[in-house]
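Here's a quick tour of a protein model. Have a look at the picture first, and then we'll walk through it together.

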Amino acid sequence: MPKVAYVLPDGAVHEVDVPSGQSVMDGSVRNNLPGIIAECGGSCSCATCHVYVDEASRAQFDEPSDDERELLEFADGARPASRLACQLILSASCAAVRVTVAVSDD
Ligand code: FES
């Protein structure tokens with residue numbers, strides 16, 4: 001099962017196993033981790049699941065859709081490594097994934 005390390009804004013790191021087929025957002029919400037709010041429940045319309053994907057983990061995911069890119073354009077603190085965690089679906093072939101939860105100004 002893929003293992004995801006979530007680096008929280010305070011620097012704490014939580015590692016959890018997330019079943020393949022679920023998203024990086026699901027893994028956070030189902031384990032009650034703070035930081036990823038996921039207001040829209042994963043329908044790519046809120047950007048409250050904004051994370052930065054570590055460079056070594058990026059190739060394990062599909063490229064962002066146009067909708068995701070548009071939302072990220074307006075997200076606080078957007079960077080080249082920005083992704084929406086609800087759009088990061090883990091596959092059985094995913095090795096360890098590491099993401100840093102973005103801090104929102106809201
Ligand atoms: S949970 Fe709303 S965009 Fe990801």
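Let's begin with H50, which you'll find in strand β3, covering residues 50-53. Keep in mind that this is a predicted model.

Is H50 buried or exposed? Its relative accessibility is 6%, so H50 counts as buried, the cut-off for that being under 20%. The side chain of H50 also makes a polar contact with the side chain of S82, at 2.8 Å. Leaving aside residues up to four places away in sequence, H50 touches quite a list, including L72, D76, R83 and V101.

## S23, in a loop

Now hop over to S23, which sits in the loop between β2 (13-17) and α1 (24-30). With a relative accessible area of 3%, S23 is buried too. Again skipping residues up to four places away in sequence, S23 touches V18, A85, C86, L88, I89 and L90.

## The whole chain

Time to zoom out. The protein chain has three helices and five strands, and along the sequence they follow the pattern β-β-α-β-α-α-β-β. The radius of gyration is 12 Å, close to the 13 Å that the globule rule gives for 106 residues, so the chain is as compact as a globular protein of that length. The C-alpha trace spans about 35 × 30 × 25 Å along its principal axes.

Of the 106 residues, 42% are buried. And among contacts with a separation of 6 or more, 63% join residues 24 or more positions apart.

Key:
Residues numbered from 1 in each chain as written. Predicted model: local features only at pLDDT ≥ 70, side-chain atom pairs only at ≥ 80, totals over all residues. Heavy atoms only, no water. Helix = DSSP H or I, 4+ residues; strand = E, 2+ residues; numbered from the N terminus. Buried < 20%, exposed > 50% of the residue type's maximum accessible area, 1.4 Å probe, protein only. Contact = heavy atoms within 4.5 Å. Polar contact = N/O pair within 3.5 Å; in protein donor to acceptor, adjacent residues only side chain to side chain. Rg over C-alpha atoms; globule rule 2.2 N^0.38 Å.
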